[in-house]
Amino acid sequence: MAGVYIEGGARGRHTARFKSWIVGFVCVMGAGLAPAADVSWVGPAIGPWNNGANWSGGGVPAPDDNVTIEGALVTITDIRAIDGSFTLSGNALLQVTGADASFIARGATSLSDGRVAVRNGASAAFPNATEYECTLDSNQMLFQVDGEGSTLDLSAMESIFINGPEGAPIQQNILVGVGGVLDLSGLQWIAAADSQQLSLGAVTGGHILTPNLADVERGFILVNDATMFDLPALTRFVNSSILVAEGGMLDADNLVEAHGSTFSIGGLDAISLDRLETLVACFFFLNNTGRVTLHALANLRDTIVQVGDGAFLDMPELVTLEATAPGALVSTNGSGALSAPKLRAIRNVSFSATENSSLNLPLVETYLWDLCEGAAMFSAGTGATLNFAGLRSLTVANTGCSGLGYNVGANGGATINLSGLRSAIVPAGHFLSFLASNPGTVIDISSLVTFNAANTTFFELDSGRILRSGSGGGEGEGEGEGEGEGPPAGCPAPAAGARSSSAAVFGDFALMLGLAALLGAAGRTRAKRTP
């Protein structure tokens with residue numbers, strides 16, 4: 001009887017079960033070997049994922065399908081997973097929302113020119129999205145995470161590049177707020193084409209994880225309201241901006257040098273830049289109650305520094321303060337102040353103290369101007385004090401130019417202390433003027449004995465006073481009696497309260513900050529860079 005199949009009995013029952021198992025196994029393997037379907041969104045511009053009518057083939061995508069969404073807003077409110085390929089493009093937005101909602105794309109993934117929003121405690125993960133390029137022609141929120149418990153995992157992404165149409169004023173945005181978490185732990189560089197920008201913002205307790213971000217070009221990093229942004233690997237920061245509002249904190253202690261960039265800081269110790277040595281062609285604005293120490297900063301070139309009311313900037317190692325083009329400025333406002341105890345020489349930088357502020361650099365000894373451009377070298381207004389008591393020489397050395405004016409002006413009860421200044425050398429054909437106007441205003445040049453009387457003038461207007469040496473010396477002691485004397489040709493006297501070009505720049509930046517709050521902004525194209 002061996003080998004004979006008996007229907008019934010124990011052996012028959014086991015054989016029947018074995019046959020059933022084989023059939024089931026073959027069916028499962030057959031299903032696994034069947035090619036995954038290519039499923040694309042065919043529904044309306046806005047619609048839910050779980051409606052089969054919105055998909056080609058008339059059914060909701062199966063986990064092993066290859067899914068494409070182009071140009072639509074698709075919302076997930078339950079649990080979804082795609083093991084086949086996943087493509088989001090054409091300004092499509094995948095929105096995952098609700099504490100019970102989640103999405104994961106485990107297969108090959110392309111998110112370029114697509115957008116993702118995770119809200120209200122939901123989660124989304126794209127473990128195979130390794131790069132992102134945006135060529136959209138309008139401002140968009142590319143990735144947004146909002147709400148306590150909301151998480152977006154893009155930890156495999158190594159690069160983000162904004163490459164919109166040439167000449168288009170575009171700012172693309174990534175924003176995390178209200179307890180959300182965006183994991184960009186694999187990100188190494190972000191960049192944008194010329195004049196375009198990528199905004200990376202953490203606000204209202206949001207968190208962005210970027211432990212490996214080393215290179216930022218044309219990026220805008222925004223931090224505010226009880227939010228910490230840590231950039232421990234950042235070493236290159238070019239044509240970019242950092243805005244840390246009061247209540248936010250940013251740590252970038254490995255950044256050594258920044259070029260063409262803007263820093264706007266508010267709040268006590270709101271930013272840590274412990275290794276920063278050089279700022280070139282930058283704007284550094286310390287606002288309101290901001291207090292910052294730049295422990296290693298030694299070189300400040302072609303840069304505007306603005307210290308606002310109540311703020312304090314300490315630069316204990318600064319030894320070089322210079323400019324190679326017009327426009328560099330150091331200014332204080334209100335009770336703002338700065339310290340640079342090692343600074344001894346200045347080249348082509350203007351100084352301004354306004355609104356009762358005090359700008360004290362009493363150890364500076366020499367001032368050189370060799371640009372082919374006139375300048376308001378020192379100015380103070382409305383009760384301010386500008387103290388350069390240790391300055392010994394002021395020299396203009398741009399002999400290839402002519403007809404340029406250089407001004408030292410104070411008004412509104414301000415004081416400019418140049419009491420140690422002994423020589424002011426200005427070539428023939430140029431004009432140097434000292435203007436003190438309004439009661440209580442004083443310019444102290446009581447040691448000045450060497451200057452060219454032919455091109456140096458002194459104006460005491462409306463009871464303003466200029467304290468001058470009573471003894472002659474050097475090239476001449478230009479008497480300039482001129483109360484009411486007009487400025488010489490090519491050397492207009494600064495008007496009280498006149499807005500400088502640097503003030504215009506600051507105003508423009510303030511406008512940019514306002515636009516940044518709405519997450520909008522700027523553009524032109526360049527070739528895609530590689531890390």
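Analyst: Thr-382 has a relative accessibility of 39% and therefore counts as partly exposed, since that class lies between buried, under 20%, and exposed, over 50%. The model is a predicted one. Thr-382 sits in the loop that runs from strand S42 (375-380) to strand S43 (385-387). Its backbone deserves attention: phi is positive, about 45°, although the residue is not a glycine. As a rule, most residues other than glycine have a negative phi.

Ser-463 is located in the loop between strand S51 (456-461) and strand S52 (465-468). With a relative accessibility of 52%, Ser-463 counts as exposed, whereas Thr-382 counts as partly exposed.

Of the 17 aromatic pairs in the structure, one is formed by Tyr-367 and Phe-378, with a centre-to-centre separation of 5.2 Å and an angle of 50° between the planes, a tilted geometry. This pair links distant parts of the chain, with Tyr-367 in strand S41 and Phe-378 in strand S42, 11 residues apart. Both partners are buried: Tyr-367 has a relative accessibility of 2%, and Phe-378 has a relative accessible area of 0%.

The loop between S41 (366-369) and S42 holds Cys-372. Cys-372 and Cys-401 form a disulfide, with their sulfur atoms 1.9 Å apart. Cys-401 belongs to the loop between strand S44 (393-396) and strand S45 (405-411), so the bond ties together parts that are 29 residues apart in sequence. Cys-401 is buried, at a relative accessible area of 13%. The structure holds one disulfide. Two further cysteines are buried as well: Cys-134 at 0% relative accessibility and Cys-282 at 2%.

Elsewhere in the chain, an open sheet of four strands pairs in parallel, in the order S1-S3-S6-S9. Strand S1 (38-40) and strand S9 (109-110) form its edges; each has a single partner strand, so one side of each is left without a neighbour in the sheet. Within the sheet, S3 (residues 66-70) and S6 (residues 86-89) run parallel and are joined by four bridges. Val-67 stands opposite Phe-86 in S6. Phe-86 also belongs to a cluster linked by ring pairs, together with Trp-41, Trp-49, Trp-55, Phe-103 and Phe-126.

Glu-148, in the loop between strand S13 (141-146) and strand S14 (151-153), counts as exposed at 64% relative accessibility. Beyond its neighbours within four places in sequence, Glu-148 is in contact with Gly-121, Val-178 and Gly-179. The C-alpha atoms of Glu-148 and Val-181 are separated by 8.6 Å, while these residues stand 33 residues apart along the chain.

Note on methods: Residues numbered from 1 in each chain as written. Predicted model: local features only at pLDDT ≥ 70, side-chain atom pairs only at ≥ 80, totals over all residues. Heavy atoms only, no water. Helix = DSSP H or I, 4+ residues; strand = E, 2+ residues; numbered from the N terminus. Buried < 20%, exposed > 50% of the residue type's maximum accessible area, 1.4 Å probe, protein only. Pairing = 2+ DSSP bridges. Disulfide = S-S within 2.5 Å. Contact = heavy atoms within 4.5 Å. Phe/Tyr/Trp six-rings, centres within 6.5 Å; stacked < 30°, edge-to-face > 60°.
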